[in-house]
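Here's a quick briefing to read with the model open beside you.

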Amino acid sequence: MKRNAVLFLITLIVFFSVKAYSQQAQKSHQQLVEVSDKTLTQLSKTDHWRALLHINSHSKESALESYVDDVNFFLASDGATHPESELRATISALKNNAETQCKFPARSAFLLAQIKGLREEVKPAICQEYVDWRNKLNTANVVLVFASAQLNSPSSMYGHTFLRFDPASVEQDSTYLSYALNFGATVSEGDSGFLYAARGLTGGYPGYFAANPYFEKIKEYSRLENRDLWEYQLNLTRDEINTMLAHIWELQGISFEYYFFDENCSFRLLELLDVARPNLYLANHFPVTAMPLDTVRVVEDAGLIAQTHYRPSILTELKAQLAMLTDEERNITLALSKDISLLEKKVFTDLPKAQQQLIVDSAYRYLRYQNTFNGRPKATTRRSFLLLKQLNENPVTFTIPIEQPQRPDKGHKTDMLGVSIGQNLGNSFVEFKYRGSFHDLLDPMPGYYQGMSLNMVNVMIRAYEGGKVKVENIELLDIVSLSARNSYFSPWSWKANISIEQQWTLDKEVLITQGSGGGGVSYQPIDNSYVFLFATGRLELNGKLDTYASVAPGLHTGFLYYWPKSTLLIEAEHYQFLFDQTKRSRVSLQQSVQLGDNDSLRFSADFHHVESTLHDNKAFQEFTLEYRRYF
């Protein structure tokens, strides 16, 4: 009896203990769920998570939207606009399918590190394809590469940026073992000209990331497009590099809408750096436009650049080597590239051996350069082979002195505000100017190429004495490309302009819309100078004329000279309109002076003459003195 009572008492104790423990565990679990909900909400608002989803962390909660346009990137149906939904969907996927870790390694690493206990609920996964990819890259350092501007390519007029991934042995084995990550538009076959520009401006092309061996990029930019490369090694830590690479894996095959001026190659790379180091907010600097050169400056300002390396193009190296020769030796080099028998003639054999080999090497490099663009004609290939044979028989070592120019990111900034005082038609005025981008022929030269002008969104407003205010010019596009010709190279120079501007019509100045352009030649009679001549054409839309549209052929000539801190431009332009026989001429002199890295002063004097059957001939002058601030 006593024994049964003891057993009954023990049973009651165990029962109530288990019940109490169960209630306490349930209560604790409920508290854990509440804490987890709060934690998940907070995690979804972190810079790191939103960077992984390509959502601007500074956007209002009601305006959140990912830059990624591919539904395959999201696990939640509303994941593109609700980062918390995507976070919960990713956690659920991790618990139910271990392979989620292989598809989203960066997301997985973030969540497993931030959510206590989640690792115990997720089965380990062997992601062999991802591991093999990481081993192939074998990345120890990341380099941001800027390919200089190429005016003859619409998508590369402002330059281009991409990333390079270097293995630890890069110094010993050279960067030819490195891989490059590029973001670019997938252009439909046959798209060119206006259609290409229109679709690129409006997001009509999908953009993708692609990784290729770096030597292919060197061939594309340095050899085929003659573009110098600037390589900026980044000071990312090992963990930051791992996070970036894990996220790049997540973006394989994922499409973005590609826009030339904002969501372009450079903007996408900033997003990757924001993933690697989320507190940088690099992409937030460019809500409207993201010019490659400006994105390099932002990376520099963030303290990410450890060191810089300049890689000249094949053309830059060739020009530097030809500059080592005298005028007579350059003539011999050109003749040798056309006639291999010159190797046996006295004009060549009388030269010192070292100079002979420099000439042979220069001729060989010149033929290789020509073959890049002209295919491989049999006769040229044979001459190239015989020159190489000559070099191997009498090897001589020499160094090509290439002076490193100023870094492009250290040049003047690309936006510009200007204020000027002047006189036009006898009236004094103050003019205010804004330019959205990027550089003209008279802007401070350090960091930019001579003979290059590329401007978009250039607005000029004048206030005349007496209170009259008018729009003087709205320039949508202005391009001038001066490529000097000589015995070795014969490129064409060209120009294009689209604007709304004031022009003298009947008895006053009126706003007209015009498009003009042309092609021609330029030469460098002396160092740092250009003489140019264009055959041009102009289409003018003028509501004050009966014909409304007017067409005019014309000529444009000029002289450009660069001093270290100043530039002079003298030019003359003439148009003969076909319908009303109006003749319009202009002679201009402009002188700019660099005051600082981002400040300049400019004086200009313009002399205009208009002859027309519709009104009396008109001659007038305009003088301005302008201060410019680049920002």
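A cavity here is a set of grid points where a 1.4 Å probe fits but cannot get out, and its lining residues have an atom within 4 Å of a point. Keep in mind that this is a predicted model.

**Cavities**
- Five cavities of 30 Å³ or more turn up by this rule.
- The second largest cavity holds about 170 Å³ of space.
- Its lining takes in 15 residues, and Ala51, Ile55, Ser57, Asp274 and Asn284 sit nearest the centre.
- Two elements, α2 (47-52) and α12 (265-276), each give two or more residues to that lining.

**Ser313**
- You'll find Ser313 in the loop between β7 (305-311) and α14 (314-322).
- Ser313 has a relative accessible area of 1%, so it counts as buried, the cut-off being under 20%.
- Its side chain makes a polar contact with the side chain of Thr316, at 3.1 Å.
- Setting aside neighbours within four places in sequence, Ser313 is in contact with Ser222, Asn226, Arg227 and Asp228.

**Overall build**
- The protein has 18 helices and 19 strands.
- Its radius of gyration is 33 Å, well over the 25 Å that the globule rule gives for 631 residues, so the protein is more spread out than a compact globule.
- The C-alpha trace spans about 135 × 80 × 45 Å along its principal axes.
- Of the 631 residues, 48% count as buried.
- Among contacts with a separation of 6 or more, 61% are between residues 24 or more positions apart.

Notes: Residues numbered from 1 in each chain as written. Predicted model: local features only at pLDDT ≥ 70, side-chain atom pairs only at ≥ 80, totals over all residues. Heavy atoms only, no water. 1 Å grid on protein atoms, 1.4 Å probe; cavity = no way out; pocket = protein on both sides within 12 Å on 5 of 7 lines; lining within 4 Å. Points joined across faces, edges and corners; volume = space filled by probe spheres on them. Helix = DSSP H or I, 4+ residues; strand = E, 2+ residues; numbered from the N terminus. Buried < 20%, exposed > 50% of the residue type's maximum accessible area, 1.4 Å probe, protein only. Polar contact = N/O pair within 3.5 Å; in protein donor to acceptor, adjacent residues only side chain to side chain. Contact = heavy atoms within 4.5 Å. Rg over C-alpha atoms; globule rule 2.2 N^0.38 Å.
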